[in-house]
Amino acid sequence: MTDDFLAQAKSGDRRSLARTLSALENGTLDIHHALKILGPVSDVSDESWQTLAITGAPGVGKSCLLDGLLRSWAQENIRVAVLAVDPSSPRTGGALLGDRVRMTVVDDVNLNGLIYLRSVATRKASGSVPVIVEDMTKVLLALGWQKVIIETVGAGQSEVRCAALADRIVVVEGPARGDGIQAEKAGLLELADAVLVNKSDLPGAELHADEIRESFELGIGNSPPVHLTSALHSTGVQEAAAMLLTLSSSGRSKRARWRERLLAHHERKILESPKLDEILEELAKGSILLDEALRSIGGSHDE
Ligand SMILES: Nc1nc2c(ncn2[C@@H]2O[C@H](COP(=O)(O)OP(=O)(O)OP(=O)(O)O)[C@@H](O)[C@H]2O)c(=O)[nH]1
Ligand SMILES: [Mg+2]
């Protein structure tokens, strides 16, 4: 990986951009080095966002919806990069969602240059996926992309952690299935700054939006907005796109989000420790205990 790639990626070359992101994915490009070459990413104020996570159960319509949102944002000349995190099937080793819908917006020549879409295949990643997604996000922002959207299936811990990296989290839901709001869903909704109840063309969408609003009323502080959309019929999508652009943090999700970030940071510290190999060896031999291992990595147990 040469610095030329970074420079070419910065000048807008898509192939160099793809190679840069692949190098982050397979561990051949160090993030600190990349940011030194590209220049730092400016912090955003609490009022605006640079990164937005779109998360929700498989098949609720996240990609279809994102297709419409991207179209709306492109009309306002906002340059948006998307990182679609593909969970891998542990059984086949292949992508779990092999038949994902293809976003049409990336093929639209009229929107050339405004949108970039990249999948992050968890099976190919050399390290922790949230760490890789975080690094890719930083590099995309440093390369001049104005917004980075992270699409994740809100199922596993790693995906939730990817979502928690973002400045704002949008949870996409489908119509009610008669099971109300169970624990798993409640956990995800806890992180939401906004909820889009998609497939509003199907029965049960309004009912489910009401259920979610009610569940939010039980919490403290302002409730996140809950909007109905139909990505299929493009209803409510433009409105949702406008609402999301000015979305503020719901505040109530902050603690949950920092919890996820703290855990991710801790994991990163462990994985990046130069002593990791040595420590694993000693753990395997039984010559040290876990607490000692943590102490020697200098994580949270540092005294
Ligand atoms: N009826 C209806 N179907 C929709 C709507 N939006 C998406 N779909 C359909 O739902 C299916 C899943 O859509 P995707 O956009 O791939 O959903 P996703 O949430 O991105 O799925 P994963 O990435 O696999 O988790 C597709 O067959 C879409 O055509 C909608 O508003 N109404
Ligand atoms: Mg999808």
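Modeller: Since the model is predicted, one convention comes before the ligand: a residue is near a molecule if its C-beta atom, placed from the backbone, lies within 6 Å of it.

Colleague: Which helix gives the most to the shell around ligand 1?

Modeller: The shell around ligand 1 holds 19 residues, of which Gly61, Lys62, Ser63, Cys64 and Leu232 come nearest. By class, this shell divides into nine nonpolar, six polar and four charged residues. The helix that gives the most, with three residues, spans residues 62-75 and is α4.

Colleague: Which strands are the edge strands of the sheet?

Modeller: Seven strands form an open sheet with parallel pairing, and their order is β3-β2-β4-β1-β5-β6-β7. An edge strand here pairs on one side only, and the two that do so are β3 (115-121) and β7 (226-228).

Colleague: Within that sheet, which residue in β4 does Ala81 stand opposite?

Modeller: Strand β2 (residues 80-86) runs parallel to strand β4 (residues 147-153), and five bridges join the two. Ala81 stands opposite a residue of β4, namely Val148.

Colleague: Are α2 and α5 roughly parallel or roughly antiparallel to each other?

Modeller: Helix α2 (residues 14-25) packs with α5 at an angle of about 150 degrees, their axes being 9 Å apart. In this contact Thr20, Leu21, Leu24 and Glu25 of α2 meet Ile132, Asp135, Met136 and Val139 of α5, and these residues divide into five nonpolar, one polar and two charged. Because angles over 145 degrees count as such, α2 and α5 are roughly antiparallel.

Note on methods
Residues are numbered from 1 along each chain as its sequence is written. Chains are lettered from A and ligands numbered from 1 in the order in which they are written. This is a predicted model: local features need pLDDT of at least 70, side-chain atom pairs count only at pLDDT 80 or more; totals for chains, interfaces and linings use all residues. Two strands pair if DSSP finds at least two bridges between them. Helices (H or I, at least four residues) and strands (E, at least two) are DSSP runs, numbered from the N terminus. Ala, Val, Leu, Ile, Met, Phe, Trp, Tyr, Cys and Pro count as nonpolar, Asp, Glu, Lys and Arg as charged, and the others, Gly among them, as polar. Axes are lines fitted to C-alpha atoms, for helices over the stretch in contact, and angles run from 0 to 180 degrees between N-to-C directions. Angles under 35 degrees count as roughly parallel, over 145 as roughly antiparallel, 65 to 115 as roughly perpendicular and the rest as oblique. Two residues are in contact if their C-beta atoms, placed from the backbone, lie within 7 Å.
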